[in-house]
Amino acid sequence: MSITAMLQVPIGLLLVTPFSPALLSGNTCLSSNFFGNYRDGEATLSVLSVSDWACLNFWNANLDSAHYAQAPEAGHQLVWLEKASIDNGLLSAREQPTLDDFLVSLESTIEYQPGQQEVITESSGEGMPNSYDVYYRAENAALVSVAADKAMVIDTLLPPFWKSRLLPTTPVEYVPIPDRATKAVKQILANLKFDPVVASVVNNISIAQIKNDIRFLTGEDEKSGIISRHSFSTGAITAAHWLKERVESTGASCRLVPFLTGFAPNVICRYDAIKDTNATVLISGHYDSRGSFGNTRAPGGDDDGSGTTGVLSIARTIGRKGVKFHSNVELAFFAGEEQGLLGSKAYARELKDTGANLTLMVQADMTAYRAPGEPLQLGLPDLIGSPEVTQLVANISAIYSPELHVGYTPACCSDHQSFHEQGFPATQVFERAGPIADPMYHNSGDLSDRDGYDFDQLYSIAKVQFATILHTAGFEL
């Protein structure tokens, strides 16, 4: 065999290395070998496949830090596990299960059964592989592979402050945000100034209606019948249809979009532009939820009932004020976020595959909790997201919601990452300029009727999302 032929022999390795846009962009060894970016504490890491010896030599020559492991066997799913960025006060308040405790739990016989809208199903374990393999391990993150069935319910096994993300089953292409997309956002930034009509419209959002809406989604109204909005639950299906009907009543066209068997669908709503354009502006929240370990109740009042009702309040105001847009505007409610951004990944790929002209995207995830003694806040992503869109949102907040103290948060990442990784400008709005402080995070007590749940903050952040739409899309009444 020639040296050239030998260098092209498949070797089946995984590579975990610090994210480097300059190194990844335009690299032939990267093409179709990217599994995504993931957090490990304050670091952003890329997971890639190493397809042959030539690429292995390239990475060895160009990387200062690299971790290699053999790729998983067929039938196993790669899952990234990461500890969420949590305020120290929460960490000291509870005894925390360790990663080792969690790995032991992977030996149980809990599995996912497509078609059943249940959170957890017990299995006899016969014929089901219970093993797992660890490919990367650190204090705050790990890369593991588990049986594909178990991967679907891995979020129900995790300790409350840990999150999971399923990697693509096959590598994808790394897609940087193109210069033309960045320039479009910079132009909006350059032209941004106070508009009294925008202020009047966004101030019309109704806090009273938000309170009613969140109580329906959490089941606190005792009328909706929703106990959980976990992606496999009947409550999530109820919520999806309810959201669709409410947004359609404001003049939008909505569709329920399935993306994986057994999961509740994405709810995608659209206001068509009154001008001839394919430009689109997207805002979103995720309506699925997660409860305490072993508890089927998952009301998700803050995570992410707050972002969901904020987006719904924008739709209600669009209808009430008769807003017509110059660009197309989409409002999305994603499912599968708690299992690893699955719904938003599917929709972001759909937009990429169809050549969508997405000007920008802003995700709202957890906007209502305010820690005792702290001011109203708006947290923006410190690492994963588009700096230009993040700056635009910060500037709009200063104009239309000056009561919000704006800063960066390490709490990451929500559905905006799915769009960012497809080359679309995107960012996130969050409730705190710092780590997560909500004691009911991923807890069955995540209700709206509790200390710290602040509707004024939810309202102020929804105003920022709405003003971002109005300034970006253009509008008339």
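So, what percentage of the 477 residues in the protein chain is made up of buried residues? It's 59%, where buried means under 20% relative accessible area, exposed over 50%, and partly exposed in between, with a 1.4 Å probe and protein chains only.

Quick housekeeping. This is a predicted model, where local features need pLDDT of at least 70 and side-chain atom pairs count only at pLDDT 80 or more, while totals for chains, interfaces and linings use all residues. Residues are numbered from 1 along each chain as its sequence is written, and side-chain values use heavy atoms, with hydrogens and water left out.

Okay, overall dimensions. The C-alpha trace spans about 70 × 50 × 40 Å along its principal axes. For 477 residues a compact globule would have a radius of gyration near 23 Å, and the chain has 22 Å, so the two agree. That radius is taken over C-alpha atoms, and the globule rule is 2.2 Å times the number of residues to the power 0.38. The accessible surface comes to about 18400 Å², with 50% of that belonging to carbon and sulfur atoms; that's Shrake-Rupley with a 1.4 Å probe, and for residues only the protein chains shown count as cover. On contacts, meaning heavy atoms within 4.5 Å: among those between residues at least 6 apart in sequence, 82% join residues at least 24 apart.

Now secondary structure. The chain has 15 helices and 20 strands, taken as DSSP runs numbered from the N terminus, with helices being H or I of at least four residues and strands E of at least two. Two strands pair if DSSP finds at least two bridges between them. Five bridges join E8 to E9 (residues 141-147), and Asp 133 has Ser 145 as its bridge partner in E9.

For a parallel case, look at E16 (residues 357-364) and E19, which pair over four bridges. Met 361 has Ala 426 as its bridge partner in E19. Strand E19 (residues 426-429) is covered on both faces: Ala 426 and Gln 428 on one side, Thr 427 and Val 429 on the other, all buried.

Next, disulfides. How many does the structure hold? Three, where a disulfide is a pair of cysteine sulfur atoms within 2.5 Å. Counting bonded cysteines along the chain, the pattern is 1-2, 3-4, 5-6.

Cys 29 is joined to Cys 55, S to S 2.3 Å, and the link is left-handed, with -100° about the S-S bond. Those two sit 26 residues apart, Cys 55 being in helix H3 (residues 53-62). Cys 254 and Cys 269 have their sulfurs 2.2 Å apart, and that link is right-handed at 115°. Cys 254 is in strand E11 (residues 253-257) and Cys 269 in strand E12 (residues 266-271), so the pair ties together parts 15 residues apart in sequence. Cys 269 is buried, with a relative accessible area of 0%.

Then there's Cys 412 with Cys 413: sulfurs 1.4 Å apart, right-handed at 50° about the S-S bond, and both residues buried.
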